Amino acid sequence: MITAIPMKAENISNHFSKADEILFINDQAQVVGRFINPALLDGCEGKQQLVSLILAQGANRVIVRNIGQQLLSKLLNQNLSVFHAKNGRTEIQHFAAAVLSDCEQYTQVSQGRPSVKHIAKQANGGCCDHDHADGELGCHSGSEVIKKRCCETKAGAESAMMKPCCNKKHSLMHQH
């Protein structure tokens, strides 16, 4: 059994996605891998790379102190067992045990922390941080109904500031 543990210095990181590195141990508590946390570099894409790294290393379970609901959902959807470590100073060898009696197993997304950033992004239209309350009509003229947000198109993926329908730059900041 391989266990993934987010580390900050020589302790378990208080926040999963903000760990400096991810440590992988086997059931004899031997380190089988240690990698820089990809989630530190690339936002949402980095978090997906973190999940991919955990899967690529053959981990069966993940130890966390605090984790957001979005990332917890990704781990649970990959059938990984996720355990909450109550103490960040617990010896790493403890997490090699087959039964983690001092840890609570997370089985539901609601056990993670709500992401304030995610909630704010959704309120502002999603990943691109501009309002889609009126569909695309709020910043596009014409009666054409667009079923995707500008940031969900190929052109939008290249630059969230460029609207594919008019190829004009729009401010990403909302002014209230």
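R61 of strand β5 (residues 61-64) is placed opposite S81 in β6. The model is predicted: local features require pLDDT of at least 70 and side-chain atom pairs count only at pLDDT 80 or more, while totals for chains, interfaces and linings use all residues. Numbering starts from 1 along each chain as its sequence is written, and side-chain values use heavy atoms, with hydrogens and water left out.

β5 and β6 run parallel and are joined by 4 bridges; strands are taken to pair if DSSP finds at least two bridges between them. Between β5 and β6 the chain passes through helix α2 (residues 69-77), and this β-α-β crossover is right-handed, that is, the path from the first strand over the helix to the second runs clockwise with the strands pointing away from the viewer. Helices (H or I, at least four residues) and strands (E, at least two) are DSSP runs, numbered from the N terminus. β6 also pairs with strand β7 (residues 103-106), in the antiparallel sense and over 4 bridges. In this pairing, A85 stands opposite C103 in β7. Strand β6 (residues 81-85) is largely enclosed by the rest of the structure, because 4 of its 5 residues are buried (under 20% relative accessible area; exposed is over 50% and partly exposed in between, with a 1.4 Å probe and protein chains only).

The loop between β4 (31-36) and α1 (43-56) contains N37. N37 has a relative accessible area of 0% and is therefore buried. A polar atom of the N37 side chain lies 2.9 Å from the backbone oxygen of A19. With neighbours within four places in sequence left aside, the contacts of N37 (heavy atoms within 4.5 Å) include F16, I22 and L50. V116, in helix α3 (residues 116-123), is exposed, with a relative accessible area of 68%.

Residues up to four places away in sequence not counted, V62 touches A4, F16, I54, L75, L80, S81, V82 and F83. In soluble globular proteins, nonpolar side chains tend to be buried together.

Note on methods:
Polar contact = N/O pair within 3.5 Å; in protein donor to acceptor, adjacent residues only side chain to side chain.
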